[in-house]
Amino acid sequence: MPRLNVILASTRPNRAGGSVAHWFMRAATEHGGFDAHLIDLADLALPFLDEPDAAIDGKPYRHEHTRRWSAISAAADAYTIVTPEYNQGYPAALKNALDYLYYEWNDKPVAFVTYGMSSGGLRAAHMLKPVVSALKMVPVAETVTIHLRQALDADGRLAPSQSMQNAAKNTLDELLRITPALATLRS
Ligand SMILES: Cc1cc2nc3c(=O)[nH]c(=O)nc-3n(C[C@H](O)[C@H](O)[C@H](O)COP(=O)(O)O)c2cc1C
């Protein structure tokens, strides 16, 4: 099975992102098309980009944390980025993590699971698309967009709706549809 890295972009204590990412991981497991792994940027704890050379230059990485992140990302055949919307964009920790690498991302599909209080995170997804394209990732059109005001219950717990479940399945289906084509391209 192709390996799917599900990247959790929020690093805040008490984040909603943990519940969203764990829900999507369950959806990915039930879907059955991927070997899914949760990659938590909070655990990864990358410093602000501190490599002397840009990843696109293809020189050996200087730092162990970059080599570790490179190995995790290179192992994946596809990605899903689970991200909140912050000030109509996406978290700085995510941009930093993306900027660390280049060839590891190339010619691999990426999907977005976004969430926010007012927009469901759509603006974060739209800001991410040119960034992932610069890294030669291929974003899928299907997305999961979660309006937290509706998706959280009275106790603040995530209560996934049927439309969320359907969106997760459609997104995973599309990701799985193009993953083999891009694997062929890479080989
Ligand atoms: C710094 C910051 C900026 C935010 N900006 C937006 C925003 O532009 N649009 C929106 O819908 N929600 C916004 N929110 C609300 C977040 O989407 C909501 O708090 C969500 O829980 C954040 O994800 P997290 O808890 O996983 O970090 C913002 C929250 C924070 C902390």
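Two residues are in contact here when heavy atoms of theirs lie within 4.5 Å. Keep that cut-off in mind for the stops below. One more thing before you start: this is a predicted model.

**Stop 1: the whole chain**

Show the protein chain as a cartoon. It has 7 helices and 5 strands. Follow the chain along the sequence and the pattern reads β-α-β-α-α-β-α-β-α-β-α-α. The radius of gyration is 16 Å, close to the 16 Å that the globule rule gives for 187 residues, so the chain is as compact as a globular protein of that length. Along the principal axes, the C-alpha trace spans about 50 × 35 × 25 Å.

Of the 187 residues, 47% count as buried. Take the contacts between residues at least 6 apart in sequence: 82% of them join residues at least 24 apart.

**Stop 2: helix α4**

Select residues 92-99, which form helix α4. Which residues of α4 are buried? They are Leu94, Asn96, Ala97 and Leu98.

**Stop 3: Ala9**

Move to the loop between β1 (3-8) and α1 (17-31), where Ala9 lies. Is Ala9 buried or exposed? Ala9 has 1% relative accessibility, so it counts as buried. Leave aside the neighbours within four places in sequence, and Ala9 is in contact with Leu41, Val82, Thr83, Pro84, Pro91, Ala93 and Leu94. Leu94 is one of the buried residues of α4 from the previous stop. Then select Ile39, 30 residues from Ala9 along the chain. The C-alpha atoms of Ala9 and Ile39 are separated by 8.9 Å.

**Stop 4: the ligand**

- Gly17: a polar backbone atom lies 2.8 Å from an oxygen atom of the ligand.
- Asn87: a backbone N or O atom lies 2.8 Å from a nitrogen atom of the ligand.
- Tyr115: an N or O atom in the side chain lies 2.6 Å from an oxygen atom of the ligand.

How much of the ligand's accessible area does the protein cover? On its own, the ligand has 610 Å², and the protein covers 76% of that.

**Stop 5: Ser119**

Go to the loop between β4 (109-116) and α5 (122-134) and pick Ser119. Ser119 counts as buried, because its relative accessibility is 12%. A polar atom of the Ser119 side chain lies 3.0 Å from the backbone nitrogen of Gly121. Beyond the neighbours within four places in sequence, Ser119 is in contact with Glu85, Thr145 and His147.

**Stop 6: Gly156**

Finish in the loop between α6 (148-151) and α7 (162-186), at Gly156. Gly156 is partly exposed, with a relative accessible area of 44%. In sequence, Gly156 and Ala16 are 140 residues apart. In space they are 8.8 Å apart, C-alpha to C-alpha.

Definitions and conventions: Residues numbered from 1 in each chain as written. Predicted model: local features only at pLDDT ≥ 70, side-chain atom pairs only at ≥ 80, totals over all residues. Heavy atoms only, no water. Polar contact = N/O pair within 3.5 Å; in protein donor to acceptor, adjacent residues only side chain to side chain. Areas by Shrake-Rupley, 256 points an atom, 1.4 Å probe, with all protein chains shown as cover. Helix = DSSP H or I, 4+ residues; strand = E, 2+ residues; numbered from the N terminus. Rg over C-alpha atoms; globule rule 2.2 N^0.38 Å. Buried < 20%, exposed > 50% of the residue type's maximum accessible area, 1.4 Å probe, protein only.
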